[in-house]
Amino acid sequence: MENIRRIIIPVDDTEDSTNAVKEGAFFAKLLGVDAKIITVNDTHQFMSSVILEEKLKQETSAFLDGFKKIAEEYGVNAETELIIGNPAEEIVKFVNETDLIIMAYHEKTKGIDKIMEKSVSREVVSNAPCPVLVIKIRR
């Protein structure tokens, strides 16, 4: 872990992501590194309205600012970024081998839909060039 230079925390607007930010900030403080909190918007390709797209950007900015404040409460220097594209692909492209990704795992579906669904965390674990810590919150 001495090679870790930055904690990357991919988030969405969920309680699971809030917990991932707290864990990520804890590890960033422990390792003495900065945190980068990112979210990937994959709805851009479906947006036909500039007004809707702007509203989505404002909402995203608001929850990213809240996550940044959480990290700063841990005494961690944190930056945020909105990325457009496929979540797993963009997360993997964003990181480098000296990063540590800390992300939430949450099941959104059950039954046959669960089998068909691609898991962002699973894809990131499989393809990232760096270590990945997946946080599963017990309910």
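What percentage of the 139 residues in the protein chain is buried?

Author: Buried residues make up 38% of the 139 in the protein chain (under 20% relative accessible area, 1.4 Å probe, protein chains only). This is a predicted model, where local features need pLDDT of at least 70 and side-chain atom pairs pLDDT 80 or more, while totals for chains, interfaces and linings use all residues. Numbering starts from 1 along each chain as its sequence is written, and side-chain values use heavy atoms, without hydrogens or water.

First, the parts. The protein chain has five helices and five strands (DSSP runs: H or I of at least four residues, E of at least two, numbered from the N terminus). Along the sequence, the pattern reads β-α-β-α-β-α-β-α-α-β.

Now the sheet. Its five strands lie in the order β3-β2-β1-β4-β5. The sheet is open, and its pairing is parallel (a pair needs at least two DSSP bridges). Look at the edges. β3 (78–84) and β5 (132–136) each have a single partner strand, so one side of each is left without a neighbour in the sheet. On average, neighbouring strands are turned by 25 degrees against each other, direction ignored.

Strand β4 (residues 99–105) pairs with β5 in the parallel sense, over five bridges. There I101 stands opposite V132 of β5.

Next, what packs on the sheet? Helix α1 does, touching β1 (6–10), β2 (34–41), β4 and β5 (contact is heavy atoms within 4.5 Å). The direction of α1 makes about 155 degrees with that of β4 (N-to-C directions, 0 to 180 degrees, axes fitted to C-alpha atoms). Helix α5 (residues 120–127) also packs on the sheet, and touches β4 and β5. The direction of α5 makes about 160 degrees with that of β4.

Stay with α1. α1 spans residues 15–31, and helix α2 spans residues 50–73. Their axes come within 9 Å and cross at roughly 35 degrees. On the α1 side of this contact are S17, T18, V21, K22 and A25. They meet F67, I70 and A71 of α2.

Last, step back to the protein chain.

How values were computed
Buried means under 20% relative accessible area, exposed over 50%, partly exposed in between (1.4 Å probe, protein chains only).
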